[in-house]
Structures are given as C-alpha cells and as structure tokens.
Amino acid sequence: GTSMQGEAIFVSKCMACHGEKGAGKPNDALVGGAGSLAAGQAPVKTVGSYWPYATTLFDYIRRAMPYNESKSLTADEIYALSAYILALNGIVGASDVMDAQSLPKVKMPNRDGFESEDI
C-alpha cells in the first residue's frame, strides 16, 4: 500500500479518533514528538517518536483498529495505513510502497532507544 491509498482509508476509518493527519484528539496522536524523548521534558510518545519497529504498527492496526471494528481491515489496507502514518512522520517517502517485504526494513527513529527487556 502507498501513503496516498492510506490517506483515504485514514480519513474514513481513523480520523474521527486520531484527528486530522494523525494529530490526535480525542485519542492519541500518531504523529509528532520527534526529539521529545531526550529533551528533558514530558516526552510525546507517538508512532514516529517512540515506537521501535514499523512492524508493530502493522500488528497493532491489524489486531485492534479501528476501535469499533477491530480486525475488519484487509492486509492491503493495513499496509497502506502504515505507509500513510510513517510518511506523516517523515520516516518513509510519500510514494514508498509498504508490504510484507518493505515494512520490516523500515528503520524507526527510536529503534535503538529500547533494551530488549523494555519491549
């Protein structure tokens, strides 16, 4: 899936809870917080600032989202949503394709911020 495909799915199935472009409200923000973990203030924990692996995003969406219809999205929709959320965080390009081969190769900004017992 691509970010463009993911945006359409996000608007129809995710935006009501996660806000426009994943900015948050009424539920958690998915975007932002870059650099806030080491800034000495309250960290902003988002997909882009905190999560260590992109595959965790896919798995979480697959198991639990959308909240009122968990497990209702296809794998292709989840890859597209993952691409969109990662692109909003500046982790992948807007035209990058996410699938079973490319998603595990994404290096998250906080990948090295955890010790094995933390995750």
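In which helix does Ser82 lie? Ser82 is part of helix α4, where helices (H or I, at least four residues) and strands (E, at least two) are DSSP runs numbered from the N terminus. The structure is a predicted model, in which local features need pLDDT of at least 70 and side-chain atom pairs count only at pLDDT 80 or more, while totals for chains, interfaces and linings use all residues. Residues are numbered from 1 along each chain as its sequence is written, and side-chain values use heavy atoms, with hydrogens and water left out.

The protein contains 4 helices and 0 strands, and the order of its elements from the N terminus is α-α-α-α. The C-alpha trace spans about 35 × 35 × 25 Å along the principal axes. The radius of gyration, taken over C-alpha atoms, was compared with a globule rule of 2.2 Å times the number of residues to the power 0.38. For 119 residues a compact globule would have a value near 14 Å, and the 14 Å of the protein agrees with this. The accessible surface, computed by the Shrake-Rupley method with a 1.4 Å probe and, for residues, with only the protein chains shown as cover, comes to about 7,000 Å², of which 52% belongs to carbon and sulfur atoms. Of the 119 residues, 37% count as buried; buried denotes under 20% relative accessible area, exposed over 50%, and partly exposed the range in between (1.4 Å probe, protein chains only). With contact defined as heavy atoms within 4.5 Å, 48% of the contacts between residues at least 6 apart in sequence join residues at least 24 apart.

Helix α1 (residues 3-13) has Ser3, Gly6, Ile9 and Phe10 as its buried residues. These residues lie on the same side of α1 because they cover an arc of only 120 degrees around the axis, the arc being that of the directions from the helix axis to the C-beta atoms. Met4, Ala8 and Ser12 are exposed on the other side of α1. The packing partners of the buried residues of α1 are α2 and α4 (75-88).

Aromatic pairs were assigned to rings of Phe, Tyr and Trp (its six-membered ring) with centres within 6.5 Å; planes under 30 degrees apart count as stacked, over 60 as edge-to-face and the rest as tilted. The count by this rule is 3 aromatic pairs. One of them is the tilted pair of Phe10 and Tyr84, at 5.4 Å centre to centre and 50 degrees between the planes. This pair links distant parts of the chain, with Phe10 in helix α1 and Tyr84 in helix α4, 74 residues apart. Phe10 counts as buried because its relative accessibility is 1%, and Tyr84 is likewise buried, with a relative accessible area of 4%.

In soluble globular proteins, nonpolar side chains tend to be buried together. A nonpolar core is here a set of buried Ala, Val, Leu, Ile, Met, Phe, Trp, Tyr and Cys residues joined through side-chain atoms within 4.5 Å. The largest such core has 26 residues, and Ile61, Leu86, Met98 and Val106 touch the most other members. Helices α1, α3 and α4 are the elements that give two or more residues to this core, and α4 gives the most, with 9 residues. Beyond residues up to four places away in sequence, Val106 touches Ala54, Leu86, Ile91, Val92, Met98 and Arg111. Ser82 is buried because its relative accessibility is 0%. With residues up to four places away in sequence not counted, the contacts of Ser82 are Leu57, Phe58, Ile61 and Leu103.

Several features were also located in the loops. Trp51 occurs in the loop between α2 (15-18) and α3 (54-64). Leaving aside residues up to four places away in sequence, Trp51 touches Thr46, Thr56, Leu57, Tyr60, Met108 and Asn110. Trp51 and Arg111 are separated by 60 residues in sequence and by 7.2 Å in space, C-alpha to C-alpha.

The loop between α2 and α3 also holds Lys25 and Pro26. The peptide bond from Lys25 to Pro26 is cis, with omega near 5 degrees. Lys25, a residue other than glycine, has a positive phi near 80 degrees and counts as exposed at 68% relative accessibility. In the loop between α3 and α4, which contains Pro66, a cis peptide bond joins Met65 and Pro66, with omega about -15 degrees. Lys71 is placed in the loop between α3 and α4; its phi is positive, near 65 degrees, and Lys71 is exposed, with a relative accessible area of 64%.
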